[in-house]
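Have a look at the sequence and the fold first.

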Amino acid sequence: MNRSFYTIMAAQFFSSLADNALLIAAIALLIQLDAPDWMTPLLKLFFVLSYVLLAAFVGAFADSRPKGNVMFITNTIKFVGCAVMLFGSHPLLSYAIVGLGAAAYSPAKYGILTELLPPERLVAANGWIEGLTVGSIILGTVLGGVLISVGVSSRLLGFDLPVIETGIDTPAEAAILVIMMIYIIAALINLKIPDTGARYVAQKTNPIDLIADFAHCFRTLWNDRLGQISLAVTTLFWGAGATLQFIVLKWAEVALNMSLSQGAILQAISAVGVAGGAVWAASRIPLKQSLKVLPYGVVMGLVVCVMAIYHIDMIPPIVLVEFDKMKLTLNLIPPYALLILVGWLAGYFVVPMNALLQHRGHVLLSAGHSIAVQNFNENLSVLSMLMLYALLIWLDVPIAYVITGFGLSVSIIMILIMRRHARNQAEYDSLHLIGESKH
């Protein structure tokens, strides 16, 4: 990998770190406002709404100028969303502004990989990007939990600027101020991303034309025998992953008797597994063998179902490790192991699928447009699953039933995708198309 790739990774790391820390701070802000429980998953829903509504436009925007410039502009939008949350706007609306920046950031972030690297390097590049992104999720989630914790927040609130009255009086507000600083770091790194020299035809500005172009790109990817399989898998994965993020928080509260701050750390445990699976896939799975990982998606869904059975009272709380005020007890080993395994399986099967989809999108379309189609499908899945989850929480369905239904649904859908791929191969062997040059 060249130096430009590492600059892109650094920018992505800090931007994603802030996104994930902000989610925990926004949840804390909702709790501070005495918002109902069903509103918490709506945070993510408002975040991804822009990915769906603006899909026809963000791809054209990403292809209209150098990708580093696009990443700087969109990171600035994230900063603005964070700032308005700090100064009194409702968390849902503010997080929607951050989502607007993220929706436009994504086609540039992933599109630049296909401009910078040859097809045979895409699985490795995705492994690094996904591993680093997951690392930022781990650290961002932990950072958000730490920033709203009593000890750290009291110290942050203890800082007093002479003459200036900041109006920052709560742990959530102090956390948001720190997160704004991280967005500034990401923006400064964005300025260092070099121009790859890739140029596309002049992008249309008429909204009707852009929507028509997007519809054509949408049909092209779904009609491609390889594109439709990888797109179906990544669509399922991101919808399931976003929902699982909130399921884990609820499961931590109900089954493990954990607070929000502790539950955030539990999310990070799962992300460790995703990072491990992503890096393992990057080192073991070449692009031409990417479709061999499909069965791991079925296994992942079944492992999730096991979570529904466990409760912390099943095993005595024998202290194994104690450091300062932190304790690792025997009854936490099973949930940690389950979440690491779920994460590892997810990372192992989604990284090759993501690389294959980027490759087919780059061959058939342009970098920005293909990522925009991918984001549209993936985040439409996120919206659908989160609305269903919010409804189940509103109906007060026990979390054990939610987890079981979720895990079985993932496994069944993965089996259907595998059958579709088998039918495609029986009609026409499309595997030789992997690695071909752009048309």
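## Cysteines

C82 counts as buried because its relative accessibility is 0% (buried means under 20% relative accessible area with a 1.4 Å probe, protein chains only). C217 counts as buried too, at 7%. A search of the whole structure turns up zero disulfides (pairs of cysteine sulfur atoms within 2.5 Å).

A word on the model: it's predicted, so local features need pLDDT of at least 70 and side-chain atom pairs pLDDT 80 or more, while totals for chains, interfaces and linings use all residues. Residues are numbered from 1 along each chain as its sequence is written, and side-chain values use heavy atoms, with hydrogens and water left out.

## The cavity

The structure holds one cavity of 30 Å³ or more (on a 1 Å grid over the protein atoms alone, points where a 1.4 Å probe fits but cannot get out; lining residues have an atom within 4 Å of a point). The largest cavity takes in about 1,000 Å³, a volume being the space filled by probe spheres set on the points. Of its 49 lining residues, N20, K44, T133, I137 and W238 are the closest to the centre.

By class, that lining has 26 nonpolar, 17 polar and six charged residues (Ala, Val, Leu, Ile, Met, Phe, Trp, Tyr, Cys and Pro are nonpolar; Asp, Glu, Lys and Arg charged; the others, Gly among them, polar).

## Helix α2

Mostly covered, α2 has 11 of its 14 residues buried, including K44, F47 and Y51. α2 also bends by about 30° at F47 (the angle between axes fitted to the seven residues ending there and the seven starting there). Helices here are DSSP runs of H or I, at least four residues, numbered from the N terminus.

Technical notes: 1 Å grid on protein atoms, 1.4 Å probe; cavity = no way out; pocket = protein on both sides within 12 Å on 5 of 7 lines; lining within 4 Å. Buried < 20%, exposed > 50% of the residue type's maximum accessible area, 1.4 Å probe, protein only. Helix = DSSP H or I, 4+ residues; strand = E, 2+ residues; numbered from the N terminus.
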